[in-house]
Amino acid sequence: MKLPTSLIKVELENFEQRFNAAVKSNTPLLDRIMRYIVKRKGKQLRPMFVFLSAKMFGPTTEATYRAASLVEILHTGSLVHDDVVDDSYERRGFFSTYALWKNKASVLVGDYLFATGLLLSLEHGDHRMLRIMSDAIQKMAEGELLQLEKARSLNLKEAIYYEIIKNKTASLLASACSAGAWSVTENEEATEKARLFGEKTGIAFQIKDDLFDYASEDVGKPTGNDIKEKKMTLPLIYTLNNTDKATKQKIINIVKNNNNDRQKVQWVLQMVKETGGIRYAAEKMNAYKNEALGILATCPDNEYRSGLQDLVHYVTERKY
């Protein structure tokens with residue numbers, strides 16, 4: 001499955017220059033860290049969602065470019081902070097900012113990025129977009145804290161899991177789509193439709209990410225990682241709710257007390273496969289994917305809508 005970059009090739013090239021200019025600093029250490037981060041940026045899925053959501057409703061504007069920059073700045077800042085929260089030394093196969101510059105610098109870089117994004121909006125009077133993004137940042141923090149709280153008890157209901165990923169992951173993708181739509185329409189109905197589409201896609205995206213923890217092939221990250229971090233993902237939640245009491249207790253004990261024992265973690269992974277946890281999570285992911293596509297079907301029919309359909313398929317069918 002290919003990314004629909006050809007539809008927004010010019011926008012992505014212009015965006016790259018604008019983003020680099022937006023995060024440039026006069027402080028040597030900060031500038032060095034930012035260059036390191038920019039060189040290792042991912043696929044830039046969120047700016048793609050911004051541009052395609054915008055162009056589905058009308059031609060891109062200067063506000064669209066600011067929306068894309070704002071989304072990517074806030075996303076980058078959240079990743080820098082995530083690595084501190086998760087004590088993570090690796091990001092996309094490279095050393096994380098946290099690994100190279102430690103705690104204090106990482107927190108300050110994340111803060112700098114958040115402030116940069118806010119100023120970018122305020123300087124141009126993009127108050128509606130600033131509200132959209134601020135809402136996403138608030139939800140992301142709430143999602144992280146809820147996950148942290150629930151990791152202690154390992155007693156997570158499926159509804160709480162959806163609340164966590166809706167806030168933690170889907171909120172930013174929802175804001176990318178809604179900001180893109182608002183930048184060309186300033187229409188509340190179109191903006192809400194785009195937001196809901198992004199939210200459903202974001203939930204499907206996160207479930208797909210959770211499934212990678214149980215992958216048999218190499219997906220660029222070690223399997224069993226979520227278990228080591230005591231993260232309660234959908235395949236594991238389903239297994240705990242659909243197995244006998246003794247097995248459930250054994251799984252909880254391993255996740256709580258033996259999550260660094262590779263052999264025991266592998267046993268948990270095997271139990272999740274055997275009880276149908278992976279199949280169940282895949283079914284739920286496809287249900288959210290279909291909801292997203294259903295919302296998209298009510299939007300203007302053009303090549304950019306088709307590009308968004310391709311993006312939805314990409315995030316649910318990707319191999320890493």
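How many aromatic pairs does the count come to? The count comes to 8 aromatic pairs, a pair being two rings of Phe, Tyr or Trp (its six-membered ring) with centres within 6.5 Å; planes under 30 degrees apart count as stacked, over 60 as edge-to-face and the rest as tilted.

Select Phe15 and Phe51. Their rings form one of these pairs, edge-to-face, at 6.2 Å centre to centre with 75° between the planes. Phe15 is in helix H1 (residues 9–22) and Phe51 in helix H3 (residues 45–57), 36 residues apart, so the pair links distant parts of the chain. Helices here are DSSP runs (H or I, at least four residues), numbered from the N terminus. Both Phe15 and Phe51 are buried, that is, under 20% relative accessible area with a 1.4 Å probe and protein chains only; exposed means over 50%, and partly exposed lies in between.

Go next to Tyr238 and Tyr280. The ring centres are 4.4 Å apart and the planes at 20°, so this pair is stacked. The pair links distant parts of the chain, with Tyr238 in helix H10 (residues 234–241) and Tyr280 in helix H13 (residues 277–296), 42 residues apart. Tyr238 counts as buried because its relative accessibility is 18%; Tyr280, at 18%, also counts as buried.

Finish with two arginines. Arg128 has its charged end over the ring of Trp182, 5.3 Å from the centre; the rule asks for NZ of Lys or CZ of Arg within 6 Å of the ring centre and within 35 degrees of the ring normal. Arg46 lies over the face of Phe205, 5.9 Å from the ring centre.

The model is predicted: local features need pLDDT of at least 70, side-chain atom pairs count only at pLDDT 80 or more, and totals for chains, interfaces and linings use all residues. Residues are numbered from 1 along each chain as its sequence is written, and side-chain values use heavy atoms, leaving out hydrogens and water.

How values were computed. Helix = DSSP H or I, 4+ residues; strand = E, 2+ residues; numbered from the N terminus.
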